Amino acid sequence: MNTITLGTSGIRCQTVGLGTWAMGGWMWGGNDDAAAIDAIRASLDAGVQLIDTAPAYGLGHAEDLVGRALEGRRQQAVVATKCGLVWHTRQGRHFFDEDGQAVHRHLGRASIFHEVEQSLARLRTDYIDLYITHWQDDTTPVAETMDALLDLKRQGKIRGIGVSNVEAATLAEYLRHGPVDAIQERYSLIDRDIESTLMPLCREHSVGILGYSSLALGLLAGPIDPARQFGGDDQRAGNPRFSTANRTRLHAFFQDLEPLRQQLDCTLAQLMIAWTTRPDGVTTALCGARDARQATQNARAAALRLDSPHIATIDAAAQRHLQALD
């Protein structure tokens, strides 16, 4: 499997990591705890080290699952979790409600120190490899946030610092106050905005790039039956990208890629994941999985190498079929 280093932290991991948002249940139509734990362990078995989670994924539930899954295997994992979406205080700005709790964006020093202790307890560990500000807080100076993170690093509670859902100007402000080891941003074949905004700054300052939603909430995992329905609180239920018209476009796109898929002996999902980690793509693709089978299949994308003709084939098919994606 391809291995990289995150920024200047010395933290090494593969080019594919496991994302645990869906394991928290919230916005994904429920969850299966036993299957989630199996998926985390299957990822480790397949060579994946980076396990990405957050307190907001089920109000601590995903972190708890990660902690349970890693008991006895902590040293095999690179654990990334986040801060800044809080429900223990009303400071900052209200962002959303989850299970009756008002969740605010807040990155004040005292709040970060409170959050890290809660995460350490849920994760059943005494350190976090990569600690990421989940969403940015315009009510707290970046200098205060970064000072708190640097203190946690000096204390040995975190090894590296990351930021997520950030604008280039805010990332530059973080970098004025200390090293940022990685950003975490949405990135896929159909979500490429960061190529012109954040990627140049990251490369200039040796900042790693974790791409989330590498399969665009599953839209790029392979053809989706036009009759499939998404129920409950599943965010895809009201997402216009999952319209019948778009599913038809994607079906034609995947048909065009079938010869390449056969040539490389991989799945379509693996092909899409490998595209995101091509040389001018992200450092690591974070891929969600609901069970061990999905986790193992995603992990195999870390061993898939695309050369320039392969990438050109994918880009050309996307140009033909996905430009009109709603």
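Colleague: How are α9 and α11 oriented to each other, parallel or perpendicular?

Modeller: In this predicted model, the axes of α9 and α11, the latter covering residues 308-321, cross at roughly 105° and come within 11 Å. Angles of 65 to 115 degrees count as roughly perpendicular, and α9 and α11 are therefore roughly perpendicular to each other.

Colleague: Which residues of α9 meet which residues of α11?

Modeller: From α9 come Leu271, Met272 and Trp275, and these meet Ile311, Ile314 and Asp315 of α11. Sorted by class, this contact of α9 with α11 holds five nonpolar residues and one charged residue, with no polar ones.

Colleague: Let us turn to the backbone. Which phi does Asp265 have?

Modeller: Asp265 is not a glycine, yet its phi is positive, at about 55°. To place this residue, look at the loop that runs between α8 and α9, the latter spanning 268-276, where Asp265 lies.

Colleague: Is Asp265 buried or exposed?

Modeller: The cut-off for exposed is over 50% relative accessible area; Asp265 has 70%, so Asp265 is exposed.

Colleague: And where does Leu217 lie?

Modeller: Leu217 is found in the loop between β12, residues 208-212, and α8, residues 244-264. Leu217 is not a glycine either, and Leu217 has a positive phi of about 60°.

Colleague: Is Leu217 buried or exposed?

Modeller: Here the cut-off to apply is under 20% for buried, and because the relative accessible area of Leu217 is 13%, Leu217 is buried.

Key:
Residues are numbered from 1 along each chain as its sequence is written. This is a predicted model: local features need pLDDT of at least 70, side-chain atom pairs count only at pLDDT 80 or more; totals for chains, interfaces and linings use all residues. Side-chain values use heavy atoms; hydrogens and water are left out. Helices (H or I, at least four residues) and strands (E, at least two) are DSSP runs, numbered from the N terminus. Buried means under 20% relative accessible area, exposed over 50%, partly exposed in between (1.4 Å probe, protein chains only). Axes are lines fitted to C-alpha atoms, for helices over the stretch in contact, and angles run from 0 to 180 degrees between N-to-C directions. Angles under 35 degrees count as roughly parallel, over 145 as roughly antiparallel, 65 to 115 as roughly perpendicular and the rest as oblique. Contact means heavy atoms within 4.5 Å. Ala, Val, Leu, Ile, Met, Phe, Trp, Tyr, Cys and Pro count as nonpolar, Asp, Glu, Lys and Arg as charged, and the others, Gly among them, as polar.
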